[in-house]
Amino acid sequence: MIDRLLRPNGINSPRMWVDEAIWGHRLYDEQTPWLCLMEFLNVLQSEYNEGRAFQEDNYNTLKYIAYSRMYLRNILFNNPQMQIIEKEYENAQWKKWIEEMNDKKGGLSSADFSYLKDRFPNFQDFVDIIKFLQTTTIEGENNKRWSSQFIFPYGPDCLYEDVRVTGASTSNDRRFFGRTGELLYLMLTRSSNKNEILRHLGEKILDGKSPLNRLVAKLQPNDERFSEERREGGYLPIASLPEYELLSEDWLNLFKCNMPNYDVFPHLVNITGLHFLIYFINRSKEVLGNNKKTSFVLEIIAPQKTIIRDLAANSYLENNNLSKQAIEEYILGIKNTEAWKQVELSDEPFEAAKELIENVFYWKDVESASATTPDGLLVELSKKAAIRHKQHVQNFHRVWGKEIGLVSKRSSRRLRYAPTDTLLKALVLSNVSNKMEFQEFLDCLFEKYGFVIGDRQAKALWEEGDADQEAFSENAIRLEQRLSSMGLLKRLSDACAYVENPYVRGVN
C-alpha cells in the first residue's frame, strides 16, 4: 500500500473527499488533454516568473497567479464586427472598429483599444494577423463560449486562464481548466527529469522570444492589469510514483527529437493523456489491492472482424470498471481498520461512526444522512459517492481515451482499444531514439505501457486458452504494415524490420 499525503487544510472541500483522495484534486473529464497542457503552462509560467518553477518545498502547497488577458481575448474571440467593418468602412475602419470594441468589450470595466492603431497602421494587416491567429485556436472546431477559447501556446503572452464573463466582470471557471493541468505540473515537479524539461520549455515557450509570441504581445496594452491574488493549486495524493518518472521520460524523449519547434506539442498532449490513463487505472488497482500488471489489448484494425476486437473490448471494459470498484472499496474498506473496530466497541457506535466518517471522508452531509446504523452510514456514503463519481471522474478513461486516439468504436458497437496513427506516431517518437527492431518495439510498449499487440506480449492470454496465438501474430503484422505506410518502419529482409524515428534524437 502506498502512503498517501494528507489532504491540505486549505482546500475548499467538495461535499465529500473520496475521488480526490484516490486520484487527486482533480481529474476532470470535461478538460481535454490539450486544455490540460494549457492549464499546466499557465501554472508553469507563473512559477517560472517567480523563480520557483518545478519547486515544491512542501507537498501540495502550490499557489500561482493566473492571467486573464481580456484585451487579447476580446480581439481574437469577441470581435464579430471586424470583417464587416473591413468591407464596409473603407476610410474609417480603425475609427469604427475601436468604437465598436470599446463599447462591446466583455470582462473589462473600461477599455481603450486605440493603442492598436499605432502598432498596426494598416487595418488590413491587422485583420490578416487576427485571422491567422484565430486559425491556431486550440480545438478550433468547438462550440465553447468566447472566454473559453485558447490560441496555440507560442509563448508566455499567449497563456491565460479559463474564465466566465458576466458583463464587465470575470470569474475563474473550473469547467475547462478543472485542475488536471495542476496535477500534471505536480507530477512533473515530483519527477527526476524536471530540470531538463524546464530547460526545454524555457527555450520553446517561457523565454517569450519567438516571433509569434512577440506578435501576440503587440496585441495587448502595456499597462493591462492582472490580479496579484495567488490561486490555490491542486492536490496530488502521492509523493513519488513510477508513473511520474515514465511521464517525464517520455516528455524528455519528445523534446530531444529534432523536429520543428512547435511540432512537439501535439505529441506531448497524446503521451500525457496516455500516462494519465495509466495513472488513473493504477491508482484504482492500488485501492483494490490488485497487483496484476495493467494491460491494454490493442486491436490493430483489420478489414474484417477478428477475435482481437472482442478481446480489446473486454480489456477496455475491465479497465473502465476499476474506478467504480475502487470507490466502493475505499469507503467500505474502512470496516477492516482498527479505527472502525473502536467504533463498534464504543458506547455510542452510531455517533462514533459519524465522527470517524466525517474525519476520514470529509462528508459534509453526514449529519443529514438517513441511515441509522454505522454500517448503514457507510453504505449510504458509498452510494452517494458512486453517483458523484459517475458524473465526471468515471468518464475520464473513456473521454480521454478517445481524445488521444486510444479508444474507438470504429467498425464496432463496442468501445475498445484501437490506436490511431497519431497516437502510434507519438509512441514511436517517445520510445525510439533512432531505430529499433520491430519485436523489440512491441516488447517496449508492453513493458512500459502494458500494450498487448503481438503474440509474445499476449503469451499469458493464449497459454490460458483465452486467445489465439495466430490472431495476435496477424495483429502485429497489421501494425508493421501501418507503421510502414506512415514512413515509420523499414523491412530490410524477411526476418528483420526496424521502427524508425524520422526525427532522430539529438544529444541536447
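**Group meeting: pocket, helix and rings**

Let me start with the largest pocket, where α12 (264-288), α14 (322-332) and α16 each supply at least two residues of the lining, helices here being DSSP runs of H or I of at least four residues, and strands runs of E of at least two, numbered from the N terminus. This is a predicted model, in which local features need pLDDT of at least 70 and side-chain atom pairs count only at pLDDT 80 or more, while totals for chains, interfaces and linings use all residues. Residues are numbered from 1 along each chain as its sequence is written, and side-chain values use heavy atoms, with hydrogens and water left out.

The volume of that pocket is about 570 Å³, taken as the space filled by probe spheres set on grid points that are joined across faces, edges and corners. A pocket is an open set of points on a 1 Å grid over the protein atoms alone, where a 1.4 Å probe fits, with protein on both sides within 12 Å along at least five of seven lines, and lining residues have an atom within 4 Å of a point. Of the 22 lining residues, R4, A21, Y330, V360 and F361 lie nearest the centre, and α16 gives the most, with three residues.

Staying with α16, which spans residues 349-361 and contains A352, we find that A352 is partly exposed at 22% relative accessibility, where buried means under 20%, exposed over 50% and partly exposed in between, with a 1.4 Å probe and protein chains only. Beyond its neighbours within four places in sequence, A352 is in contact with V343 and S346, contact meaning heavy atoms within 4.5 Å.

Which residues of α3 are buried? They are M70, Y71, L72, R73, N74, I75, L76 and F77, and because eight of the eight residues of this helix (70-77) are buried, α3 is largely enclosed by the rest of the structure. Its cover includes α5 (93-104), α7 (123-135) and α10 (211-218).

Finally, the rings: the whole structure has 33 aromatic pairs, counted for Phe, Tyr and Trp (its six-membered ring) when centres lie within 6.5 Å, with planes under 30 degrees apart called stacked, over 60 edge-to-face and the rest tilted. One of them, F296 with Y417, is edge-to-face, at 5.0 Å centre to centre and 75° between the planes, and joins strand β5 (296-297) to strand β7 (416-417) across 121 residues. F296 is buried at 0% relative accessibility, and Y417 is buried with a relative accessible area of 0%.
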